[in-house]
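Q: I have a structure open and would like to learn how to read a few of its features. Could we go through them slowly, starting with a loop?

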Amino acid sequence: MLRVDVLGPIRVEHDGRPVRLGPRLVELLAVLLVEAGSAVPADRIVELLWGDPAPEAARATLRSHVSHLRRALAPATGPRQPPILVTTGLGAGSAYRLDLPPDAVDADRFQRRCAEARRLLAADESDLIERAVALLTEALALWRGPAFAEVADRPFTLAHVARLDSARRTARRGHAEALSALGRWAEAIDGLTGLVVDDPYDETARRLLARALYADSRVDEAAEVCREGLRLLRERGLAAPELAELQREILHRRLPVGPAVAHQPKLARPSLLPPDPPHFVGRADELATARRLLDGSRRQPVTVLVSGPAGVGKTFFALRLAHLVAAGFPDGQLYVDLRGFDPTGLAMEPGEAARVFLDALAVPPSRIPATVEAQTALYRSLLADRRVLVVLDNIDDAGRARPLVPGVPGCAVIAVSRSQLPGLVAVDGARPVRLELLDRGQARRFLARRLGAERLAGQDAAVDEIIDSCARLPLALAVAAARAAIHPEFPLGSLAAELRADRGGPDLDAFAHGDTGTDVRSVLSWSRRGLTEAADRLFRLLGLPAGPDLRAEALASLAGRDVDEVRSPLRELATAHLVTEHLPGRYARHDLLRAYADELGPPDGSAGRRAAWGRLLDHYLHTALGADRLLWPNRDPLPVPPPAPGVTVLGFADRQAALAWFTAEHAGLLAAIEQAVADGLDRPAWRLSWAMANFLPRRGHRHDWERVGRAGVTVARRLGDPATVAEAHRLHGSSCVELRRFDDARADYRQALSLYHDLGDRVGQAFIYRCLGWLAEEQGELAEALRHDEQALTLFRQAGHDRGESYALNSVAWCLAQLGDHERAAAYGRRALDRLQRAGDRMGEASVWDTLGHAYRNVDAHRAVDCYRQAIARYRDLGDRMNEGFTLRRLGAALAAAGEAEAARQTWREALNILRANDHPDADRIAALL
């Protein structure tokens, strides 16, 4: 009998005899176990085990490993059994599937026992609880250590290991609860103590442990468990009212004793609100208006939208409001920061927020659905017939907040945004409450609350000057009050004088008409005092780049230092609140800080400014080119000189890392290009725009693609090199096609074609003819598109450009398929696929598989489905979201033609999610299909 154990170090046994596996066979077995019962493509296994690019011999080595593993898993004696490790497909399309006997894997046995135990516990009968305890005891005994111990940190097991760990923790908690329900307190205490030691912040486990200790007459220990938990949670800024109430009940000996005390409600009463702001003042009218609106939530759902400029105190207002009305929502309060205006640009998605809420409601992980739609639907259904207050902070888009609005009577939402969110008002009926600047009386009370009324007494003129300099903006007032509080010996008159000093400056004045309405130059200067020379120099460089944030490596390049040399100055600046490390290794600064630093400028003047700016552009350019080469290795390279001394260039382990870098730096790269254009740094601006020309369209950033293309044309013309101008017009024209600006695209292409013709550049002309073919196709002129693509094919052949010829073959195949000549289309496509596979061009392969799917769609729907799936797998691997969405749309049509209606609908839903997320007009066509 075969047994495979993964709940600890991986081991294989036959009839109780261990089977020795080498490290590579263990890795291969883990990959197949994670997807047991499903065929895993050989290409995927090669990439997971050897990385990308893989050694040339990797496929042959994999076949050898599979053979060894097959023999290891087969019984040594006895009647011949069906193979456990099955090979499907042939050649490049081969895949491997693990067909294990029932109960062979300990993880499966663990999960089945847990599921059966949950079913028994739901009945809430003592004899069934006893059986459930026995099942959970058996299930937990299967664990010998961390799951998949030898490969637990490998990417292909991370998600599976996390699910198993979560299931184990749920089982441990359920085991302890069941023991408590039976009055077996000592056993329950042992299990719960382990849970609390593993996660001291698990409030539910801590409450269970305290109740069990109390029931076991260990009252002092029970109170100490509560006290320690409250201390730990308080240090994290978290309130725990249920734990505090339990502590009071324990200290007053008011808990009943008996098995029933351990039962917990199926849904927890969440209390996620951050603390009530201690220095909040004013806003009495706005608070009264919002409270009246929220009072109506018993009869119908209510959403109050708190909006206003940055720094006006929206979050503090929302928290004060939430605490004032919390008693009217006895079933709990939920809070989440959606990070809509976070400097990273990485807003929290509704699915992530819904999971936060489901966790707070104590929904077991096993009950949480897989899809975002199902998760948000479960969240809303759980709030039906309950009185819960939901606070959604930092919203940038109504669509991000809408799935989190319960929409049921009894519940209310406080939504917070810099934007007025007209969609949330017009469509969802949100009631707006707009916050303006404080009035003079409120501003004075603000200062008095922070400094004390005695400090302000008799200094009316100085106080008025401070209020005027801070423009009654809470953020600016807080900075001024902090300065006065730190130095109580300073007269307020001197503080007011400092605020008046050195007024002026174009950047700060311009910003004064936006968020702050004030000059904070002098206020910010206080934070610079006491900085070391290295920290001050680095701060003065922070005004150069316009992006939202910078990695440590980018800052090192800006300063012309090694990364290790800037870490200490960065820590110093963070301590002084002159930068914020909002993510590990990523540093942001407020717009006011950037304006102030820009006004100071580098210590060595304009020459130092230009050199620092050039180093940062070099960092972006060479890192972007490296990422681009990894993502699209078959692209013709752009010749560039080596980076300047002092520049740090990042390398990437794989395509996912390269794509993640482009995604994280997207906003900063756009800002760098536009700033370089404005500063006349034409050649770096052109090169950087070229380096982004693949990433932007493939991730759906169509408008950014056009911005970058337009910038590229501007600097290329200034450079005056005809080849560069032609390439710039080609890239910009392609962005115009994507935006349906066909006349602009045609004008770009004609200019590029003319320049390439004058240069005698056949390859350049061929690329333009392919672009003209695309343009004609988008306008429905298929015969003209075919003529252009055939002309491109001829020119590529004459120039001996293999990649271009392969791509042109695919373009011709696509046009033929569109025109209904499916047999010729398939022939051209197969020729293109063979050439691209030999060249190792996965992007080209994906495109040809898509074309072949279209060629076969009206001939052999099932074959078309296979082709489309080949294309989608490659697009996903390459991170090309837009082409994935387009091919998913076509796959849905092929599935519908093959009679697989439900699969077609699911596929179209996936395509719709991708195209809607990227605001693509084709989303409407898919919605119509659905």
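A: Let us start with Arg-283, which is found in the loop between α10 (241–251) and α11 (284–295), where helices are DSSP runs of H or I with at least four residues, strands are runs of E with at least two, and both are numbered from the N terminus. This is a predicted model, in which local features need pLDDT of at least 70 and side-chain atom pairs count only at pLDDT 80 or more, while totals for chains, interfaces and linings use all residues. Residues are numbered from 1 along each chain as its sequence is written, and side-chain values use heavy atoms, with hydrogens and water left out.

Q: Is Arg-283 buried or exposed?
A: Arg-283 has a relative accessible area of 3%, so it counts as buried (under 20%, with exposed over 50% and partly exposed in between, using a 1.4 Å probe and protein chains only).

Q: What is the phi of Arg-283?
A: Its phi is near 65°, a positive value in a residue other than glycine. Asn-394, in the loop between β9 (389–393) and α15 (398–401), likewise has a positive phi near 65° and is not glycine.

Q: How are two packed helices described?
A: One gives the angle between their axes and the distance between the axes. Here α33 (residues 722–738) and α34 (residues 742–759) pack at about 155°, with axes 8 Å apart; the axes are lines fitted to C-alpha atoms over the stretch in contact, and angles run from 0 to 180 degrees between N-to-C directions. That makes α33 roughly antiparallel to α34, a term for angles over 145 degrees, whereas under 35 is roughly parallel, 65 to 115 roughly perpendicular and the rest oblique.
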